[in-house]
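Thanks for coming. I will go through one structure today, element by element, and keep it brief.

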Amino acid sequence: MKLFPVRGGVHPEYRKERTSESPIVALPMPRLLYLPLQQHIGAPAEPVVAVGDLVKKGQRLADRTGPVSAPVHAPTSGRIAAIADFAAPHPSGLPQPTIVLEPDGADDWTDDLPAPIDDPFNTDPAAIRDRVAWAGIVGMGGAAFPSAVKLQLGNERTIDILLINGAECEPYLTCDDRVMREHAAEIIDGAQIMARALGALGVVVGIEENKPQALAIMGKAALGASGVTVVAVPAQYPMGSERHLTQAIIGKETPARKLTADLGVVVHNVATARAVHHAVRFGRPLLARVVTVGGGAVKEPKNVEAPLGALVSDLVSFCGGLSRPPKRVVNGGPMMGAPLPSLDVPVVKGTSGILALTAEETNEQPSQPCIRCGTCVTICPCGLVPVEMAAFIRKDHIDVAAKLGVRDCVSCGSCSYICPSHIPLVHYFNYAKGLLNDLDREARKRDHISVQVETRRARLEKIAEAKRAAAAAREAQKAAPAAAPTAAPTADSEARA
Amino acid sequence: MTTAFTDKSGPFTHAPTSVQATMTAVLVALAPATLFDLWLFGWPALFLFAVTVGSCLILEAACLSWAKKPLQPAITDGSVVLTGWLLAMSLPPWTPWWVACIAAFFAVCIAKHVFGGLGQNVFNPAMVGRVAVLVSFPVQMTAFVPPHPLFSAGAPGFLDSLRITFGAGTLDSMTAATALGHVKTELSRGIPVSTSIQQVPDFLDMALGFHGGSFGETSALLILAGGAYLLWKRIISWHIPVAMIGTLLVLGTLFHALSPDRFTSGLFHVVSGATFLGAFFIATDYVTSPVSKQGQLVYGVGIGLLTWVIRTFAGYPEGVAFAVLLMNALTPIIDQHFRPRVFGRTRKGDPLPIKGGK
């Protein structure tokens, strides 16, 4: 298959070898599971169980609350110990509503699972989407956007390609690599089912060429599947970015503020495809995921299949614990992952990696003055001028930074990674994007208020108008009776007469 | 509970890049040409080199402490050594010490620290230093000597050399014009280029460096080798050198073809003077050149054009330093007008249209 060049990017040290050759191992069931109600982008789920309830594995604990939301299921059987606020896997470490499940060790499945869809390729696509929504599947590459919503993109558009993202361009992470090597057939089947739901004409699996085993195994698994092509894409960070992977495959840039679906491409992660396979073929909801536990401070790095809600500290102790205090604990990959304030946060649907990195690995240095080397401009995969944007943001000229395109930045981190002066460019951009979002929200609020004020004014006006009209009518009525009495007395007088 | 820092966004890994590594690579690339010219011009060149780099370091330290800025890492990151090094290479090899010190003052204090130090200067410090002394002390700054290789017959000894650099002696008997200077002088006396060009060193000597000139600029080949090293290490890209040398070559060749008596050839422009040193080491200075590739092409073409115009029509035989400074002044404007196209947007900044009506 012909590939197309993608602008810029970097070649970070991949450091995948410590986990890439070790098979996925299941985490022993922890003592408690902490299941946040919001593990996805969109509205948080709403609990349908109460404290003290006994639940079975696969039973629904919380229901989705809107079109963009996802339910939460019990990863094992046990008792609901609490529904309370618990620290979220977020840099702030702020608590969020969480269901705490105490496993009973029996791991009994509920009887209430839906029947498998035996012939998904002759089923109504809507039935597949409903099943995916029911299973609580979200984008497992890290974005955690509800997958069923993304499977509706074919409703109004023609989708040519379902692109399965197996690029795994982040250093350290090998969870997708291992899932591809160990569960290739499930991924291919899940991908074909998703293609059916989307009405996509074909499936392309994009895998970075630094994963030859995954490429070979997936290629072999795809041989029997019609319309599925496995493609080696260059190992060039950020190849796993939806827009950039799409460009490499079809050679088109996704226009700003549009979706890849507008070009006829929908991108899903390999682990998502596997979860869809489980939901459709076995009627099982999303209960666990594979997490790479890595980094130089972890004694025995592994790929762990962990039930959702397991604490990061459970995973780390399963991997032999920490050999030394880490400089950073990262949720996700080292390029785009978010720092974690503590290990006492749960694994959620979007947790692809937990990295405990040493100071040598992070290589953080104090920032020096920018020498305008222009490397950030050369390597920016979005065609931006990071040096200039950061300079304006430093001076609080957020409006200029916005004009220069800071909102088109995907925060891939290539510029910060390569900067010889160690300037935290992405940090500036995230700050600016936060401010711009606040401004947008405020502007929307202002618009909303002005609409409301206008509506109220109009309503009062209408009431006043109505009152005036009523008064006028009364006036008229008064006048009419006044005119009438003149006649009436006449009549009266006539009558008297 | 382990607590870790969450004070900063990712990435939490970093390429093994640093300002120091970049500067060191440039110094390594300069070393062959410098060593050759140290040999070619002997002890006085060595003294000049030491005085220039040394005074730049001292002045940098003085400026930093005056501004109450930390000396580290500014002193050891190699940037000020590079400024002093390039400045030394742009001076005639027998320049007296005090001229070098004044040049260093203009380079470090005026061009760099007045603007705010590393990364803030608008003009290339080494070229500001060179031009300041060139216009102030034209006699000393045009006292080019023919090569006197170290330990060869007629080369000044150690003590004589000390007198050349640190004494007040006159050197008129020793000087010889550079190729560019010779052609210019002869042209002003009415002797056509086609005649005067016969008396300059032949092409091979020009390329190898066996001719008079500024201390570091004579060996085009060794400078080219250094430039190639920088390209290979991806410290610089081809855009500025190719645009600058290409413009000189095209203009020179074109006008030489029109009037060989008036204009020197393109090849002569390329191998003489500071063309190679300028193209690979001075015009490519990060701080004072545009950041985008498109901008760098415009900037390179501008330097080539101005160099040719100054060499051909102005009073000075050599124009690289002036051309670089003039284009430095345009860098902010070039940066504004030549940005890369943003992903998913047209050059104007509107979202790309969706073709095929999807």
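**Helices, sheets and the interface**

Start in chain B, where the axes of H2(B) and H4(B) come within 9 Å and cross at roughly 35°. The crossing of these two helices is right-handed. On the H2(B) side, the residues in contact include B:Leu48, B:Val51, B:Thr52, B:Ser55 and B:Cys56. From H4(B), the contact includes B:Trp97, B:Ala100, B:Cys101, B:Ala104 and B:Phe105. Sorted by class, this contact has 13 nonpolar, three polar and two charged residues. Before going on, please keep in mind that this is a predicted model.

Among the buried residues are B:Ser79, B:Thr83, B:Gly84 and B:Trp85.

Now chain A, with the parallel sheet. Four strands form an open sheet here, in the order E11-E10-E9-E12, and the pairing is parallel. Strands E11 (228-233) and E12 (265-269) stand at the edges with a single partner strand each, so one side of each is left without a neighbour in the sheet. From one strand to the next, the twist averages 25°. Strand E9, residues 161-166, is joined to E10, residues 202-208, by six bridges; A:Gly166 has A:Ile207 in E10(A) as its bridge partner.

Two helices pack on this sheet. Helix H7 of chain A, residues 242-250, touches E9, E10, E11 and E12, and its direction makes about 120° with that of E9(A). Helix H8 of chain A, residues 270-282, touches E9 and E12, and its direction makes about 80° with that of E12(A).

Chain A also has antiparallel pairing. E7(A), residues 78-87, pairs with E4(A), residues 54-55, over two bridges in the antiparallel sense, and A:Leu54 stands opposite A:Arg79. E7(A) also pairs with E8(A), residues 95-103, again antiparallel, over nine bridges. There, A:Asp85 has A:Pro97 as its bridge partner.

Last, the interface. Chain A and chain B bury about 4,900 Å² between them, 59% of it on carbon and sulfur atoms. In chain A, the residues losing the most area to chain B are A:Glu253, A:Ile371 and A:Arg372, together 15% of what that side buries. The contact takes 68 residues from chain A and 46 from chain B.

Conventions
Residues are numbered from 1 along each chain as its sequence is written. Chains are lettered from A and ligands numbered from 1 in the order in which they are written. This is a predicted model: local features need pLDDT of at least 70, side-chain atom pairs count only at pLDDT 80 or more; totals for chains, interfaces and linings use all residues. Side-chain values use heavy atoms; hydrogens and water are left out. Buried means under 20% relative accessible area, exposed over 50%, partly exposed in between (1.4 Å probe, protein chains only). Axes are lines fitted to C-alpha atoms, for helices over the stretch in contact, and angles run from 0 to 180 degrees between N-to-C directions. A crossing is left-handed if the near helix is turned anticlockwise from the far one by less than a right angle, and right-handed if clockwise. Contact means heavy atoms within 4.5 Å. Ala, Val, Leu, Ile, Met, Phe, Trp, Tyr, Cys and Pro count as nonpolar, Asp, Glu, Lys and Arg as charged, and the others, Gly among them, as polar. Two strands pair if DSSP finds at least two bridges between them. Buried area is the accessible area (1.4 Å probe) that two parts lose on being put together, summed over both.
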